[in-house]
Amino acid sequence: IHGGPFANIAHGCNSVMATHTGLKLADYTITEAGFGADLGAEKFFDIKCRYAGLKPDAAVIVATVRALKMHGGVPKTELKTPNVEAVKKGLVNLEKHIENVKKFGVPCVVAINIFAQDTAEELEAVREHCAKHGVNVALSDVFAKGGEGGIDLAKEVIALADSGESKFAPIYPLDMSLKGKIETIAKEIYGADGVNYTKEADKALKEFEELGYGNLPICMAKTQYSFSDDPALLGRPSGFKITIRNCRIAAGAGFIVVLTGDVMTMPGLPKVPAAEKIDVTDDGVISGLF
């Protein structure tokens, strides 16, 4: 169940209670930590796993040919057009996500959500690139085929989870300074050259440490469209700095929210939720999902 704490503005995953319940009820428990390894995965590993005492056995990085083409410079209006060269150019983005997951000591598999217009040549380009990094690719066709379309991916995940390869560890210690934690995330996960702080952010971080909250983990609020704080910088940008404009404390949840760029901290939800259009008949036929 997706609870809505999107990883571009919050911790990006479900509750500790939900995961512990899943672990008791199933052989394998999967947590969705959305919006890329730079946001969802980093927060899942550095915040949730730390608080819940979790040690993940494997990670699944979800990719699409469409997204890779966009990171390769193709405009949204042309993403359905086959373009192997654009896919290859955009693979630097996926490559960075793979590197990020590996930095936590967790082995990963890349799952490609298939679209009808994806070509065999485009899919093979992804597979070849991932193979060079020692990562397998599994095709996920659950949209078209239901559960049957996810069997190959499930087998890959099970094999990886049972391999014993995971040596999970968070990327920073809690006794590091707040700025030290922020800069570790910015440099190691985003690929930034450094961090700039506004006067407001500087003041807030000093106050939090003076109040005894310096040992809390960091929850970055950042655009999901780029590794940087600029949504227009696609692919794998370099030569940039992250600007911290302010910081807030979520004392109850137990983390410091760090605001970067021009990102809203309330999700843009519709006035009429999709749930109002969803129905199920007495025969179990569901309508209104799409």
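Modeller: A residue is called buried when its relative accessible area is under 20%, exposed when it is over 50%, and partly exposed in between, computed with a 1.4 Å probe and protein chains only. This is a predicted model, in which local features need pLDDT of at least 70 and side-chain atom pairs count only at pLDDT 80 or more, while totals for chains, interfaces and linings use all residues. Residues are numbered from 1 along each chain as its sequence is written, and side-chain values use heavy atoms, with hydrogens and water left out.

Colleague: Why is phenylalanine 104 called buried?

Modeller: Phenylalanine 104 has a relative accessible area of 2%, and the limit for buried is under 20%, so phenylalanine 104 counts as buried.

Colleague: What makes the pair of phenylalanine 45 and phenylalanine 104 stacked, tilted or edge-to-face?

Modeller: Rings of Phe, Tyr and Trp (its six-membered ring) pair if their centres lie within 6.5 Å, and planes under 30 degrees apart count as stacked, over 60 as edge-to-face and the rest as tilted. The centres of phenylalanine 45 and phenylalanine 104 are 4.7 Å apart and their planes stand at 45°, so this pair is tilted. The pair links distant parts of the chain, 59 residues apart, with phenylalanine 45 in helix α2 (residues 37-52) and phenylalanine 104 in the loop between α4 (84-103) and β2 (108-113); helices (H or I, at least four residues) and strands (E, at least two) are DSSP runs, numbered from the N terminus.

Colleague: Which residues form one aromatic cluster with these two?

Modeller: Phe44, Phe45, Phe104 and Phe168 form one aromatic cluster.

Colleague: Why is phenylalanine 35 described as partly exposed?

Modeller: Phenylalanine 35 has a relative accessibility of 36%, which falls between the limits of 20% and 50%, so phenylalanine 35 counts as partly exposed. Phenylalanine 35 lies in the loop between α1 (16-25) and α2, and its phi is near 65°, a positive value in a residue other than glycine.

Colleague: How do you know that lysine 179 sits over the ring of tyrosine 197?

Modeller: A charge sits over a ring if NZ of Lys or CZ of Arg is within 6 Å of the ring centre and within 35 degrees of the ring normal. The charged end of lysine 179 is 4.4 Å from the centre of the tyrosine 197 ring and sits over that ring.

Colleague: What makes α8 oblique to α9?

Modeller: Helix α8 (residues 178-190) and helix α9 (residues 199-210) pack at an angle of about 125°, with their axes 10 Å apart. Angles under 35 degrees count as roughly parallel, over 145 as roughly antiparallel, 65 to 115 as roughly perpendicular and the rest as oblique, so α8 is oblique to α9.

Conventions: Axes fitted to C-alpha atoms, helices over the stretch in contact; angles between N-to-C directions.
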